[in-house]
Every structure is written in C-alpha cells, then in structure tokens.
Amino acid sequence: MSLNGALIGCGFFAVNQLHAWQEMRGARIVALCDRDPGRLAAVGRDFGIERRYADAEALFAGEALDFVDIATTLPSHRALVELAARHRVPVICQKPFAASMEEGRAMVAACEAAGVPLMVHENFRWQAPIRAVRAAIDSGRIGEVFWGRVSFRSAYDVFSGQPYLATGERFIIEDLGIHSLDIARFLFGDAERMTARTRRVNPAIRGEDVATMLLDHESGVASIVDCSYATRLAEEPFPQTLVEIDGSRGTIRLGRDFRMVVTDAAGSETLEVAPPLHSWMERPWHLIQESVVAIQRHFVDCLAEAREPATSGRDNLKTLALVEAAYLSAATGDTIALAGI
Ligand code: NAD
Ligand code: 89V
C-alpha cells in the first residue's frame with residue numbers, strides 16, 4: 001500500500017523533494033500547495049500532479065493525507081506544522097525548523113499532543129560521505145575520538161537561487177551552519193557549551209557569512225565547526241562538508257571530492273565515498289539531492305515501523321539550541337552553556 005502525501009511550497013528546493021518522492025517505494029505525492037499560482041502551475045505540470053491548492057487550509061480540507069511535506073521557508077513553518085497537527089497528519093518540515101526555541105518547542109508540543117509524527121528535513125547527516133565517516137568511527141578503528149572538525153568553506157553564489165538568504169538578519173549559521181552543527185552532533189554527540197565568532201565579509205548581504213564555533217561535547221570531544229561563504233579557493237568545493245577526526249588509535253580525514261582516509265597503526269586506507277548520481281540529479285548538487293532521497297526513505301520507514309525519525313522535531317531542538325547559542329555567544333563574546341538555552 002502506498003502512502004498518499006502532499007507537498008506545500010513549490011519553490012527552489014522542493015523540486016528535489018518531488019524527484020525523490022517519485023522514486024520512493026511506498027509513498028507518493030498526490031497534491032501540491034503554493035500561494036504563488038505561477039509556481040504551483042509550473043511544478044504541477046512538470047511532475048504531473050493535478051490536485052493543486054493555493055491555500056494550506058483548503059489542502060487539508062480537500063485531501064485525505066497520510067503525510068505532508070512542508071518545503072516552504074522559515075516564516076510559515078510554525079503555522080503549517082500546527083495545521084498538520086490539528087488535522088492529525090504526520091509531517092516533515094524543512095530546516096530551519098523554527099525561528100526561536102520557544103517556537104520550536106511549541107511546534108513539537110503541538111505534534112506530541114496530537115500524537116502526530118514530526119520529522120525535520122535535516123538532510124546533511126544523510127549525505128553518503130557523512131554516513132561513511134560515522135561508520136568509520138563506529139568500526140572502532142581509530143579508538144576513542146577526542147577531537148573533530150566539521151568544515152564548510154566556499155564562495156559559491158547561493159543568493160541567485162535563494163535570494164531570501166541575502167536579506168535576513170541571520171544568514172550562515174541559521175541556513176548552512178545548522179547543517180554543520182547537526183553533523184557535529186551526529187558524529188560527536190550532544191554539546192554542553194558553545195563559543196562562537198562571526199563576521200560579515202560580503203557587503204551586499206545583511207547577515208553574517210562567516211562563523212567559527214567551538215563545541216564542548218558531553219562525550220569529552222572538543223570540536224570546531226566552521227563555515228564561510230566568503231572563502232574563494234582554487235577549486236570551488238560547494239556543497240562539500242570536510243571532516244577531520246582524531247582518535248586515540250588513529251584518524252579520519254574526509255577530504256575533497258569524497259576521498260576519506262582512515263589511518264591507524266597498520267597504515268592508511270583511502271576510500272571513495274562519493275554519492276550516487278541518479279538521472280535527475282545535477283553536479284555539484286547531487287551530494288545534497290541524494291541525501292534527500294535517503295531522509296525521505298527514512299521517514300517512510302519510520303512511519304511504517306512507528307519509529308521516531310533520527311531528526312525528529314524533538315531531536316532537532318538540540319540542533320536549534322546550538323544555533324541560538326552560537327548567535328548568543330557571537331553577540332556577547334561569552335561561552336554559552338546549552339543547558340540555559
Ligand atoms: P523558495 O522561496 O524558493 O520556495 C518556497 C515556496 O513556498 C514559495 O514558492 C512560496 O510561494 C511558498 N510558500 C511560502 N509560504 C507558503 C504558505 N504559507 N503556503 C503555501 N506556500 C507557501 O524557498 P526554497 O529555497 O525552496 O527553501 C525552502 C526551504 O527549504 C527553506 O526552509 C530552506 O532553508 C530549505 N532548504 C533546504 C535545503 C536542504 O538541503 N535541506 C536546501 C535549500 C533550501
Ligand atoms: O542546504 C541548504 O539549506 C541550502 C544551501 C546548501 C544552499 O545553503 O540553503
């Protein structure tokens with residue numbers, strides 16, 4: 001039996017989600033919603049989806065849905081998640097999930113009270129190379145991890161595809177660093193303290209485009225999470241996240257072009273950990289596009305098995321807390337205890 005879902009928000013990124021739904025066993029998108037009639041018509045035509053709504057209330061009233069996939073930008077997330085909860089429809093919501101901890105906690109509480117599964121579309125931890133790094137840690141080859149770095153440095157023009165990124169008071173931590181911080185949690189566990197410094201280098205945008213963060217993890221690991229959209233390099237690495245990990249018996253280095261080197265007392269092994277390139281995917285975005293397939297597959301599996309998704313709303317509050325702590329630390333110059341966020 002196939003689950004019938006609807007997608008709300010037919011913009012820049014939603015097409016990746018729709019391609020991924022098209023290749024998903026056990027689920028399909030039967031209706032679309034966007035308040036922009038041009039986008040709604042174009043995406044409906046491209047994906048052959050006839051049931052279209054300009055308004056989310058009308059969508060829920062008009063369809064019997066097994067799930068809803070919210071691919072709108074941040075300002076609409078709370079209202080749409082709470083609407084899904086009121087209609088008792090399991091929900092996926094794009095990152096950044098919420099604009100504040102208060103808002104995020106209210107959204108999680110609304111879904112829990114309604115008994116509705118809620119997953120945040122936090123897909124970077126589902127990227128093939130990041131899964132390979134996690135598997136290398138779990139193999140035990142490098143011993144006990146004591147230090148790590150999660151790094152994203154680029155000069156790629158993200159503003160042409162996503163113009164709203166240039167206008168917000170917050171930019172890189174809220175949009176991209178949120179992924180890097182989630183990867184740090186995925187690899188090293190939850191954090192206790194955060195120290196952050198930010199800069200705006202590009203004068204044409206409003207928010208910060210460089211952030212350097214130091215995390216003290218509960219596991220005892222110290223990690224650096226650094227991100228920049230002001231870093232011009234000989235070869236543009238967008239959208240690759242590079243990872244360095246030191247352990248008591250060895251190291252892991254996830255370098256450029258999906259090369260992972262694992263070193264222990266026996267020597268070094270180099271592994272190719274590139275994502276597969278499906279027919280609809282396009283370099284360099286295929287790294288992200290493939291992780292969309294993986295996270296949506298995970299959601300469908302979790303619904304079938306009544307399991308909580310890895311990036312459930314409840315889990316994602318911890319990533320959101322890191323984002324809030326980073327902005328607070330950058331503003332005050334202080335180290336922030338996560339317990340107080
Ligand atoms: P976009 O502005 O291109 O598209 C958003 C669409 O939602 C627009 O067509 C808009 O009309 C529609 N919309 C907004 N509010 C609505 C409402 N209340 N009801 C119906 N339609 C509504 O934005 P985008 O670049 O596609 O980004 C969407 C989300 O995806 C953002 O939260 C962004 O951070 C996230 N994103 C995630 C990734 C990732 O890898 N996870 C990558 C890019 C963007
Ligand atoms: O993944 C994202 O959220 C995107 C991008 C990779 C361009 O920052 O906004």
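Q: Is Trp-285 buried or exposed?

A: Buried means under 20% relative accessible area, exposed over 50%, and partly exposed in between, with a 1.4 Å probe and protein chains only. Trp-285 has a relative accessible area of 15%, so this residue is buried. The model is predicted: local features need pLDDT of at least 70, side-chain atom pairs count only at pLDDT 80 or more, and totals for chains, interfaces and linings use all residues. Residues are numbered from 1 along each chain as its sequence is written, chains are lettered from A and ligands numbered from 1 in the order in which they are written, and side-chain values use heavy atoms, without hydrogens and water.

Q: How many aromatic pairs does a search of the whole structure find?

A: Rings of Phe, Tyr and Trp (its six-membered ring) pair if their centres lie within 6.5 Å; planes under 30 degrees apart count as stacked, over 60 as edge-to-face and the rest as tilted. The search finds 10 such pairs. One of them joins Phe-12 and Trp-285 edge-to-face, at 5.6 Å centre to centre with 75° between the planes.

Q: Where in the chain do Phe-12 and Trp-285 lie?

A: Helices (H or I, at least four residues) and strands (E, at least two) are DSSP runs, numbered from the N terminus. Phe-12 is in the loop between strand 1 (3–8) and helix 1 (14–22), while Trp-285 is in the loop between strand 14 (267–272) and helix 8 (286–305), 273 residues apart. Phe-12 is partly exposed, at 35% relative accessible area.

Q: Why is the pair of Phe-67 and Phe-299 edge-to-face?

A: Their ring centres are 6.0 Å apart and their planes stand at 65°, so the pair is edge-to-face. Phe-67 lies in strand 4 (residues 67–70) and Phe-299 in helix 8, so the pair ties together parts 232 residues apart in sequence. Phe-67 is buried at 1% relative accessibility, and Phe-299 is buried at 2%.

Q: Which residues have the most contacts inside the largest nonpolar core?

A: In soluble globular proteins, nonpolar side chains tend to be buried together. A nonpolar core is a set of buried Ala, Val, Leu, Ile, Met, Phe, Trp, Tyr and Cys residues joined through side-chain atoms within 4.5 Å. The largest has 95 residues, and Phe-97, Met-194, Met-213 and Ile-245 have the most contacts inside it. Helix 7 (residues 172–188) gives the most to this core, with 10 residues.
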